[in-house]
Every structure is written in C-alpha cells, then in structure tokens.
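This briefing is for a reader meeting the structure for the first time.

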Amino acid sequence: TWLGADAVCYYPSWETLPHERLSPRTDTVGRRMEVLRRLCGTEGEVPQVVVAPVRSLLQPQVAGLGRVAPVRLAVGEEHDLTELATELVNAAYSRVDMVERRGEFAVRGGIVDVFPPVLEHPVRIDFFGDEIEEMTSFAVADQRSTDETHQELICAPCRELILTDEV
C-alpha cells in the first residue's frame, strides 16, 4: 500500500439502529474507541486516512470519547485486584464466573481472566501477590491457556457512554 497499515484506519458503524433497544456489539465499540484514541493522539500513530461508512459518521457520540483512558496492564506492574476489578467494571466490563464473551472478566484467587473487545481471544493474567507475573491468551471453549503471551494489555471500554458520577 502507499500509506502503510498504520496510516489508515476503519471507523465502523453500529450494527443496530437508533430506535432499536439493543446495544452495539462490544467489539464494534472497542474498534470505534481505538480509532478515536488514535485520532486524539492518545494511542498509537495518528492516522492520515479514516475510512468510515456514512452511518458511522451520523451516529451521535459523546464529546471527549477519544480521551477515555483504557485499563492498561503490563507484566511486572503491581495492581490491587480489588481496584483492578473496580476499574474494569467502570470501563463497562461485566464480572462473571467464567469468561465466554468480549467485555467480560472473572477473578479467581490470584488469576484474572479478561476479554477485551478488540482481541481475538481472552487473556489470563497471573498475579504473584499484587505483581503481574504472566499474561497469556486462552481458548473460550476449554479455558486452557495457549502459547500466545502478552507483555502489555489494553482493556478498552466496552461502551461509548461510560456511566460516571458526572453523567
């Protein structure tokens, strides 16, 4: 390509209509939020070209969405499990017993499973005390870890309207 993969991004539209009482899929919201963060310069390279269907441009959105900070985790960092769970809930993740869909997380002892909206597979975060020791992808079907490891994990919000005290 002439511009390169990082210079172009796709801004998807919701697959729901405004009058429907359905929320858009979490992977769509995650991709939209990722593009907005890139446009604001808060994550990655600012794209030179944004490909967007007309419908995605007509959909109303809250001002400042590109500045909503995702939950960032890295191997070797320290995080309190209770605070991490609160941050994920504030980012519109659902706490469940077993992670099966995007936008869900589970806490079991020193292990946190989380399924960010833009990843293909969920990630298992192993803690040693409060320190992140290892992050590996795992299969939803059998809950077994794969060989894919992560040094850093970005958990983008799962909704475009994050409910806070200000809202």
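**Salt bridges, sheet and surface patches**

E104 counts as buried, at 8% relative accessibility. The model is a predicted one, and a search of the whole structure finds three salt bridges. One of them joins the side chains of E104 and R101.

**Salt bridges**

- Side chains of opposite charge can pair when their charged atoms come close.
- Between R101 and E104 the N to O distance is 3.6 Å.
- R101 is exposed, with a relative accessible area of 56%, whereas E104 is buried.
- R108 and D113 meet through their side chains in a salt bridge of 3.0 Å, N to O.
- R108 is partly exposed at 37% relative accessible area, while D113 counts as buried at 0%.
- D113 also forms a salt bridge with R124, and their closest N and O atoms are 2.8 Å apart.
- R124 belongs to strand β7 (residues 123-128) and D113 to strand β6 (residues 111-114), so this pair ties together parts that are eleven residues apart in sequence.
- R124 counts as buried, with 10% relative accessibility.

- Strands of a sheet pair through backbone hydrogen bonds, in a parallel or an antiparallel way.
- An open sheet is formed here by six strands, in the order β4-β5-β6-β7-β8-β9, with mixed pairing.
- The edges are held by β4 (94-95) and β9 (145-149); each has a single partner strand, so one side of each is left without a neighbour in the sheet.
- The pairing of β8 (residues 131-138) with β9 is antiparallel and runs over two bridges.
- In β9, T149 stands opposite T136.

**Negative surface patch**

- E78, D80, E83, E87, D130, E131, E133 and E134 form a negative surface patch.
- The largest share, three residues, comes from β8.
- Helix α3 is where E83 lies.

**Nonpolar surface patch**

- W2, L3, V8, Y10, V49 and V51 make a nonpolar surface patch of about 640 Å².
- The elements that contribute two or more residues to the nonpolar patch are β1 (8-10) and β2 (49-51).
- V49 has its place in strand β2 and is partly exposed, at a relative accessible area of 32%.

Notes
Residues numbered from 1 in each chain as written. Predicted model: local features only at pLDDT ≥ 70, side-chain atom pairs only at ≥ 80, totals over all residues. Heavy atoms only, no water. Patch = residues over 30% accessible without salt bridge, like charges linked within 9 Å, V, L, I, M, F, W, Y side chains within 5 Å. Areas by Shrake-Rupley, 256 points an atom, 1.4 Å probe, with all protein chains shown as cover. Salt bridge = Lys/Arg side-chain N within 4 Å of Asp/Glu carboxyl O. Helix = DSSP H or I, 4+ residues; strand = E, 2+ residues; numbered from the N terminus. Buried < 20%, exposed > 50% of the residue type's maximum accessible area, 1.4 Å probe, protein only. Pairing = 2+ DSSP bridges. Lys, Arg positive; Asp, Glu negative; His and termini not counted. Charge placed at Lys NZ, Arg CZ, Asp CG, Glu CD.
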